[in-house]
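Hi,

Here is the structure I said I would pass on.

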Amino acid sequence: MYTTKSVGIRGLVVKKRFSELLDEVRKVVAGKGDEWGRLKAVCDLLYERVEHYDWVGFYIAEEGGKVLVLGPYRGKPTEHIKMEAGTGVCGRVAQSREPVIVNDVSKEKNYLACDGDVRSEIAVPVFKAGEFVGELDIDSKRASAFGKDDLQFLRQVAVLVAPLF
Ligand code: SME
């Protein structure tokens, strides 16, 4: 646990913003429309409201998690519409079932590039009833853009959207 002192006022502002965004994600998930549309709305929300999120998308697990297929996303179109577990950042998450943060994608060997402007990436697994069902993947044009607040926030988003998978 952080104390107020160690987090500082900027840390508190970040936490408050993420906490407010989680409420909005909850509303989108509980809202109208099909699952694809609501997941797309979550992508739009995160993309529009968090400055350092420059590509936000979901990958859907298929074949028991051996393959990932591109789902709803917001940002530049990507050529990576189907990926194998173990390959790339997302593929590593599919294999380990653990989140991955890459601070500098130019130094990462097991990385699938889709936009030359991207500097860092985070991917977080989504579980439904204990089963790996997909991932939330986010790119940033900033190096080292993703910290523990993002990780904590996106893990919570992954829990909230799980019923839509
Ligand atoms: N960079 C990802 C591929 C997906 S794009 O970021 C949208 C990876 O290495 O898995």
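Something to check while you have it open: is Cys114 buried, partly exposed or exposed? Cys114 comes out as partly exposed, with a relative accessible area of 31%. Keep in mind that this is a predicted model.

The other cysteine I looked at, Cys90, is buried, at a relative accessible area of 4%. There are zero disulfides in the structure. For Cys90, the nearest cysteine sulfur belongs to Cys114 and sits 8.4 Å away, whereas a disulfide needs the two sulfurs within 2.5 Å, so Cys90 is in no disulfide.

Next, a helix pair. Helix α2 (residues 35-49) packs against helix α4 (residues 148-161) at an angle of about 160°, and their axes are 12 Å apart. Angles over 145 degrees count as roughly antiparallel, so that is how α2 and α4 run relative to each other. The crossing of α2 past α4 is right-handed. On the α2 side the contact is made by Leu39, Val42 and Leu46, and they meet Phe153, Leu154, Val157 and Val161 of α4. Sorted by type, the residues of this contact are seven nonpolar, no polar and no charged.

Last, a proline in a strand. Pro125 lies in β5 (residues 120-128) and is buried, with a relative accessible area of 7%. Beyond its neighbours within four places in sequence, Pro125 is in contact with Val93, Arg97, Glu98, Pro99, Phe132, Gly134, Glu135 and Ala158. Val100 is 25 residues from Pro125 in sequence, and their C-alpha atoms are 9.1 Å apart.

Cheers

Conventions: Residues numbered from 1 in each chain as written. Predicted model: local features only at pLDDT ≥ 70, side-chain atom pairs only at ≥ 80, totals over all residues. Heavy atoms only, no water. Axes fitted to C-alpha atoms, helices over the stretch in contact; angles between N-to-C directions. Helix = DSSP H or I, 4+ residues; strand = E, 2+ residues; numbered from the N terminus. Parallel < 35°, antiparallel > 145°, perpendicular 65-115°, else oblique. Left-handed = near helix turned anticlockwise from the far one by under 90°. Contact = heavy atoms within 4.5 Å. Nonpolar A, V, L, I, M, F, W, Y, C, P; charged D, E, K, R; others polar. Buried < 20%, exposed > 50% of the residue type's maximum accessible area, 1.4 Å probe, protein only.
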